[in-house]
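Good morning, and thank you for coming. I would like to take you through one model, and I ask that you keep the sequence and the structure in view as we proceed.

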Amino acid sequence: MAARAVWLAFRGGLGRRQAFSTKANVQGSGRITVEVIEHLERLALVDFGSREAVARLEKAVAFADRLREVDTDGVEPMESVLEDRCLYLRSDNVAEGNCAEELLQNSHRVMEEYFVAPPGNISLPKLDKQESFLHS
Amino acid sequence: MAAPMLRGVSPVRRWSLAWVDGGSRHRRTSPNGSTSNRIREQSSVAQQPLHTAQKPRKGGHKWAAVVGLEIHAQISSNSKLFSGSQVSFTAPPNSLVSFFDASLPGTLPVLNRRCVEAAVMTGLALNCRINKKSLFDRKHYFYADLPAGYQITQQRLPIAANGSLSYGVFVGNRWSHMATKTVRIKQIQLEQDSGKSLHDDLRSQTLIDLNRAGVGLLEVVMEPDLSCGEEAAAVVKELQLILQALGTSQANMAEGQLRVDANISVHHPGEPLGIRTEVKNLNSIRFLARAIDHEIQRQINELESGGEILNETRSFDPKLGCTVPMRDKEGKQDYRFMPEPNLPPLVLYDTASLPAGADSQQVINIDQIRDALPELPSATRKRLVQQYGMLPEHSFALLNEAGLLQFFQNVMKETRAEPKKVTSWVLNTLLGYLKHHNLAVSESPITPSALAGLLDLLDSKAISSSAAKQQV
């Protein structure tokens with residue numbers, strides 16, 4: 001129901017909004033700044049590594065931006081594709097656990113049934129020491 | 001008047017109250033006792049000499065403090081929020097961990113019905129609107145005790161919102177008159193607890209125990225309606241009593257079942273709010289009050305000497321009596337909230353909207369839960385005042401000490417002495433004795449029957465009052 005309305009609006013809107021979408025593309029290259037890439041790399045621990053990767057990201061954002069052409073006035077946003085399903089409620093019984101040995105086998109280092117981790121988060125190298133391809 | 005304005009005479013003087021410190025000896029001190037002594041004994045190791053703290057009302061700028069609390073309460077349930085592993089606090093490391101809790105690939109969250117009921121009960125007790133539809137989200141951050149790299153919480157649309165909590169504060173400098181204040185509850189949400197990190201500084205490593213990972217938490221977010229440590233302590237105590245009365249959480253701060261973070265800022269009344277700091281690691285009500293008051297004073301001192309307040313997270317060091325910046329907190333965190341894709345919206349019903357022929361195990365009826373709510377502390381106190389004619393302050397004191405109310409009621413059952421007499425004996429003589437010997441009510445060598453018998457003798461004038469007191 002709601003999906004159909006969106007689809008119709010999209011088709012109707014596309015013709016009218018053509019000019020808007022090309023304007024968005026022109027802005028493409030400057031929009032993902034160095035600061036944003038560095039911020040994303042620290043947050044998500046991904047490595048953009050190269051200009052091609054950043055360009056791919058910009059193209060992905062521009063592709064997704066075309067959603068803005070759809071007129072969604074008065075349309076209730078869909079939060080989950082599962083929205084029509086029932087959330088199953090489990091009764092409060094103990095049915096799992098007691099598999100410490102198995103779980104600990106996954107760990108590189110263990111100590112007496114504890115997982116061993118470095119002390120606190122290891123900070124990413126400081127940006128000035130890092131050879132950022134974006135600066136070079 | 002419990003003034004919201006911080007003037008020279010800081011609220012520190014008044015915080016030695018019954019509920020703030022169950023073991024405090026100051027409780028029995030006369031209100032006319034030396035002020036400066038009490039401040040010296042009670043205040044944290046303040047860098048400023050007393051006279052600076054006591055600015056005259058005219059002359060100095062008035063400061064107002066704004067305190068907001070975020071409280072995490074562990075839900076009292078058999079199994080965890082999204083998995084069937086056991087909730088227990090003394091077990092071999094990593095023995096109460098399921099594949100889901102360890103975040104192994106291919107595992108999915110399955111919501112625990114009891115946790116939802118606990119959230120609804122708590123929301124109703126705090127006068128919240130229960131959202132018939134609520135959503136789950138992922139809050140991302142990296143830490144070794146969070147195996148998935150995200151915590152499932154309810155940021156966008158929590159299960160309950162817009163409530164209130166009423167609490168009592170003593171007014172003036174006589175501990176005899178109570179006023180009721182209210183703090184607004186912004187929202188209550190269900191979320192997962194993280195595992196436990198044990199820092200091994202010797203070997204420069206951290207040991208991770210995931211027994212606690214995935215345990216259900218109720219996060220109670222309050223509006224910044226508070227203005228000092230005393231109010232915060234009263235709020236936390238009242239919430240503790242409510243959760244314990246409901247049975248939704250044992251709310252024992254020392255065991256980490258109730259964790260409080262405080263957001264604190266200061267400003268001049270009429271001017272915009274100041275930068276706030278977050279204070280964590282508050283594991284007793286007493287420390288909570290001290291830490292908040294200390295942080296308020298620290299901010300005032302800093303600003304008055306021309307410094308500025310950083311938006312940072314600080315930890316309370318009970319030994320030093322002051323707040324210190326926490327390591328490992330780099331700037332503002334971006335949690336990259338996103339909807340939890342594996343969980344549909346949580347839908348709750350009331351009697352009117354309950355679908356016909358629904359499986360009772362699979363639906364939750366808010367009206368049914370409301371009808372089954374036990375008596376809340378505020379109702380109990382009201383009943384005590386009506387039934388026995390005691391002062392409100394006494395009803396607070398009876399509820400604030402674990403087991404004391406039951407003791408009192410047992411004595412009342414067996415004695416024919418007047419309620420006022422029983423109240424006075426229980427609160428003054430008995431409690432004073434217990435405090436002096438550092439005993440809990442459950443450890444009292446005097447049983448309710450014994451006290452009842454004693455009071456009967458007193459009543460029939462068989463013995464004198466002083467002789468009776470000696471017996472105790």
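In which strand of chain B is Ser315(B) found? Ser315(B) is found in strand β15 of chain B, residues 313–317. Before I continue, a word on conventions. This is a predicted model, in which local features need pLDDT of at least 70 and side-chain atom pairs count only at pLDDT 80 or more, while totals for chains, interfaces and linings use all residues. Residues are numbered from 1 along each chain as its sequence is written, chains are lettered from A and ligands numbered from 1 in the order in which they are written, and side-chain values use heavy atoms, with hydrogens and water left out. Helices (H or I, at least four residues) and strands (E, at least two) are DSSP runs, numbered from the N terminus.

Let us return to that serine. Ser315(B) counts as buried because its relative accessibility is 14%. Buried means under 20% relative accessible area, exposed means over 50%, and partly exposed lies in between, with a 1.4 Å probe and protein chains only. Leaving out residues up to four places away in sequence, Ser315(B) touches Lys280(B), Asn281(B), Cys322(B), Thr323(B), Val324(B) and Met326(B). Contact here means heavy atoms within 4.5 Å.

Leu310(B) lies in the loop between α5 (285–304) and β15 of chain B. Which residues is Leu310(B) in contact with, leaving aside its neighbours within four places in sequence? They are Ile275(B), Arg276(B) and Thr277(B). With Thr277(B), the separation along the chain is 33 residues, whereas the C-alpha atoms are separated by 7.0 Å.

I turn now to chain B as a whole. Its secondary structure comes to twelve helices and 18 strands. Chain B has 472 residues, of which 53% count as buried. If we take contacts in chain B between residues at least 6 apart in sequence, 70% join residues at least 24 apart. The accessible surface of chain B comes to about 21,300 Å², and 51% of that belongs to carbon and sulfur atoms. Accessible areas come from the Shrake-Rupley method with a 1.4 Å probe, and for residues only the protein chains shown count as cover.

Two helix pairs in chain B deserve attention. Axes are lines fitted to C-alpha atoms, for helices over the stretch in contact, and angles run from 0 to 180 degrees between N-to-C directions. Angles under 35 degrees count as roughly parallel, over 145 as roughly antiparallel, 65 to 115 as roughly perpendicular, and the rest as oblique. On the α8(B) side, His394(B), Ala397(B) and Leu398(B) meet Thr423(B), Val426(B) and Leu427(B) of α10(B). The residues of this contact divide into four nonpolar, two polar and no charged. Ala, Val, Leu, Ile, Met, Phe, Trp, Tyr, Cys and Pro count as nonpolar, Asp, Glu, Lys and Arg as charged, and the others, Gly among them, as polar.

The second pair is helix α7 (residues 377–388) and helix α9 (residues 404–414) of chain B, whose axes come within 13 Å and cross at roughly 25 degrees. α7(B) and α9(B) are therefore roughly parallel to each other. Here Thr380(B), Arg383(B), Leu384(B) and Tyr388(B) in α7(B) meet Leu405(B), Phe408(B), Gln409(B) and Met412(B) in α9(B). The residues of the contact of α7(B) with α9(B) divide into five nonpolar, two polar and one charged.

Finally, chain A. There are six helices and three strands, and the pattern along the sequence is α-α-α-α-α-β-α-β-β. Of the 136 residues of chain A, 25% count as buried. The accessible surface of chain A comes to about 10,500 Å², with 55% belonging to carbon and sulfur atoms.

Where in chain A is Glu112(A) found? Glu112(A) is in the loop between β2 (110–111) and β3 (114–117), and Glu113(A) has its place in the loop between β2 and β3 as well. Although not a glycine, Glu112(A) has a positive phi of about 50 degrees; for Glu113(A), also not a glycine, the positive phi is about 75 degrees. Glu112(A) is exposed, at a relative accessible area of 68%, and Glu113(A) is partly exposed, at 40%.
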